[in-house]
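Me: I'm new to this one and would like to learn how to read it. Can you walk me through a few features?

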Amino acid sequence: MIEEPVETGDRTAAIHRAAPVDRDAIGIWVASRVGVALAALAGIWMLGDTPAGQAPSYLSRWNQWDSQLFIDVAQFGYRGYAAHTTGRHLEAFFPGEPIALRVVHVITGDWVAAGLLISAVAGAVAMVALARLGELEAVDSPGCGSRAVLYLVLSPYAVFLAAGYSEALFLSVALPSWLAARRGRWLAAGLLAGAAGLIRIDGAFLGVALIVQWATQAGAERRWRDLPPLAAPFVVTAGYFAYLDHVTGDWLAWSHAQAAGWGRHLTAPWTAFHTSWSAARSPAQGLPYAWSFRAEVLAILLGVALTVVLLVMRRWGEAVFVGAQVAALATSSYYLSVARSTLLWFPLWLLLARWSLNQRWLHVAYMSVSPALMIVGVIAFTTGHWVG
């Protein structure tokens, strides 16, 4: 069954624990950022092939892949300076991260530094919200929230929470939105979800999940006036598509950019699986890409399993949030960025944390494997190798 909202006594206890939980979450986040920075510096210096006097700057090594594309949008817009933006299919990137870049660039004076600062601050907000969710969802398991944060920041693809990507910024509004929903604060939940809809297409999935949560949350008072705010992410997403139509003449510019830039289009799930599995096993495939494709396949299987578990547990809203993402990713022409999307699957980290409190071997196993993979991901990303 869906867990009951925290009763008065439990809620009071949760409030008293809020400050320590917040401190733990921020402490874990800051410590992990130090670890990420050290791993990046070690990769730059120990794997570099240039004289020490010509070592690349720390910031330059974070300007990889989508980071530069977000910067392009922030600098030039979706139809900006042709020499920098033509043929880059920038419509595939929602405007939330570029808008934040433009604002923070005023402070930093450097686009890459702005992206890193956004992720650092947004990540701290997201970790506090995740920790509070853990304490709210598992009143009988103190420490669940802090452990969920620990597992997320040490997850194999956590490098994308540090880089100038949109995952940290999305989580900084999506997680508080879900927390507000669990507390019955639907106006706040809808407005925050609207902000999430400005950052990633996943904001629309969050919107659907919130409506399901509103309809099924046990013990919650359902008032019809609480429902309209939950339309915010759909309105924002539609607004972005309308803007793209204004500047490109194409309502479907987002999906067309996905197809033109990355070859992604809707296909049957078995076709997507076959294509991805074949790429993962191809002997001609470059090693980083072969590793990545195998991770993508595992991530799809994990997403399907997680959705089934959430359905069995009758956590309908969370099942919709994860399941909608998995369905979209599993029906793309091939698997791309699925493993990175696990960062957004907050029920995964909450469940894993709760189970590990009762099963010590699970904690030991996770901490033996995942941090090592996270460090490898940081080094690979900052040395220009494909991660996902």
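Me: Which residues of helix 6 are buried?

Reply: Keep in mind that this is a predicted model. In helix 6, the buried ones are Cys144, Gly145, Ser146, Ala148, Val149, Tyr151, Leu152 and Val153. That is eight of the ten residues in the stretch 144–153, so helix 6 is largely enclosed by the rest of the structure.

Me: Why does histidine 363 count as buried?

Reply: Buried means under 20% relative accessible area. Histidine 363 has 17% relative accessibility, so it counts as buried. You'll find histidine 363 in helix 18, which covers residues 360–382.

Me: And what is histidine 363 in contact with, leaving aside its neighbours within four places in sequence?

Reply: Those partners are Arg147, Leu150, Tyr151 and Ser356. Tyr151 is also one of the buried residues of helix 6.

Me: How do I read two helices that pack together?

Reply: You describe such a pair by the angle between the axes and the distance between them. Here, helix 2 (residues 66–76) and helix 4 (residues 96–108) pack at about 65°, and their axes are 8 Å apart. From helix 2, Phe70, Ile71, Val73, Ala74 and Gln75 make the contact, and helix 4 brings Glu97, Pro98, Leu101 and Arg102. Sorted by kind, the contact residues are six nonpolar, one polar and two charged. The crossing of helix 2 past helix 4 is right-handed.

Me: What span should helix 15 have?

Reply: Count 1.5 Å a residue: the 15 residues of helix 15 (316–330) should span 21 Å, and the end C-alpha atoms are 20 Å apart, which agrees. Its buried residues include Phe321, Val322 and Leu329.

Key:
Residues are numbered from 1 along each chain as its sequence is written. This is a predicted model: local features need pLDDT of at least 70, side-chain atom pairs count only at pLDDT 80 or more; totals for chains, interfaces and linings use all residues. Side-chain values use heavy atoms; hydrogens and water are left out. Buried means under 20% relative accessible area, exposed over 50%, partly exposed in between (1.4 Å probe, protein chains only). Helices (H or I, at least four residues) and strands (E, at least two) are DSSP runs, numbered from the N terminus. Axes are lines fitted to C-alpha atoms, for helices over the stretch in contact, and angles run from 0 to 180 degrees between N-to-C directions. A crossing is left-handed if the near helix is turned anticlockwise from the far one by less than a right angle, and right-handed if clockwise. Contact means heavy atoms within 4.5 Å. Ala, Val, Leu, Ile, Met, Phe, Trp, Tyr, Cys and Pro count as nonpolar, Asp, Glu, Lys and Arg as charged, and the others, Gly among them, as polar. The expected span of a helix is 1.5 Å times one less than its number of residues.
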